[in-house]
Amino acid sequence: MVTGATAATVTLSDTTRGTQRQRSTGSTGSKHRHASQTRRPSSIMTFPRALLQVSNQTDSNQTDDDPSIWALETCCSGTQIAFICFFGGFLVLDLILWPFWVSKPTKMLAVFVHEMSHATATWMTCGKVTKLEVHTNEGGVCNYRGGWQPLIIPAGYLGGAFWGSACIVATSNTISCYVLTGVILAALLVALYYSGNWALRWMCLGFIGIILIFLLVNIFTVFKALKYVILYFGVYIAV
């Protein structure tokens, strides 16, 4: 009888210790979970920092050069969110800075695109361009001979819309961004050759220098800002 009672006591004691160990383990697990939950808020980033990180990283199922950035079924990936934020920000910035002198260079760039579109239409219709001018008062001149005027005359506004949209679309792909950058540099060099006033010459040299700096930075560093420069040009020209 004593032996049986002792065995029962030992069994009960082992069971009690097992229950205590389980409670202890559960309590420890709860402490770890609580600690991990309390550490989570410290990893939350502010919006500007998060936006910069999103703009420089790629999603697990989409690369920066994936043309599906324009596909609605992938919305909204990190790259698409960054594009929407920068596009909207540049649009608001353009509207705010429009009356001030700081927007003068980009206004002259828009005039340059307008006049260069006239010149391109002239060459396409076998005409001859004699002189290009862009003035600081936001006016411009394209002197030409020959060509087909029904295409040359509206080409200025059509060209502005086309090249502005091309700049915006090209920023979704690194290769297309490089190609469009080369087209812009070539157009500035051509305009420099046909320039008839110093305002256009200085504008061409200034934008060639700016674009070359961002192009070299984009190629040789991790700071990939060229596409945002082209995007800003596109938004301003299209507006």
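**Reading the helices**

Analyst: Happy to. Starting at the N terminus, the elements of the protein chain follow the order α-α-α-α-β-β-α-α-α-α-α, which comes to 9 helices and 2 strands. Helices (H or I, at least four residues) and strands (E, at least two) are DSSP runs, numbered from the N terminus. This is a predicted model, in which local features need pLDDT of at least 70, side-chain atom pairs count only at pLDDT 80 or more, and totals for chains, interfaces and linings use all residues. Residues are numbered from 1 along each chain as its sequence is written, and side-chain values use heavy atoms, with hydrogens and water left out.

User: How do I describe two packed helices?

Analyst: Two packed helices are described by the angle between their axes and the distance between the axes. Axes are lines fitted to C-alpha atoms, for helices over the stretch in contact, and angles run from 0 to 180 degrees between N-to-C directions. Here, the axes of α6 (residues 155-170) and α9 (residues 226-238) come within 7 Å and cross at roughly 155°. α6 and α9 are therefore roughly antiparallel (over 145 degrees). On the α6 side, the contact (heavy atoms within 4.5 Å) is made by Gly160, Gly164, Cys167 and Ile168.

User: Which residues of α8 are buried?

Analyst: Buried means under 20% relative accessible area (1.4 Å probe, protein chains only). In α8, the buried residues are Leu200, Met203, Cys204, Phe207, Ile208, Ile211, Leu215 and Asn218. These buried residues pack against α4 (104-124), β1 (128-134), α7 (174-194) and α9.

Methods
Parallel < 35°, antiparallel > 145°, perpendicular 65-115°, else oblique. Buried < 20%, exposed > 50% of the residue type's maximum accessible area, 1.4 Å probe, protein only.
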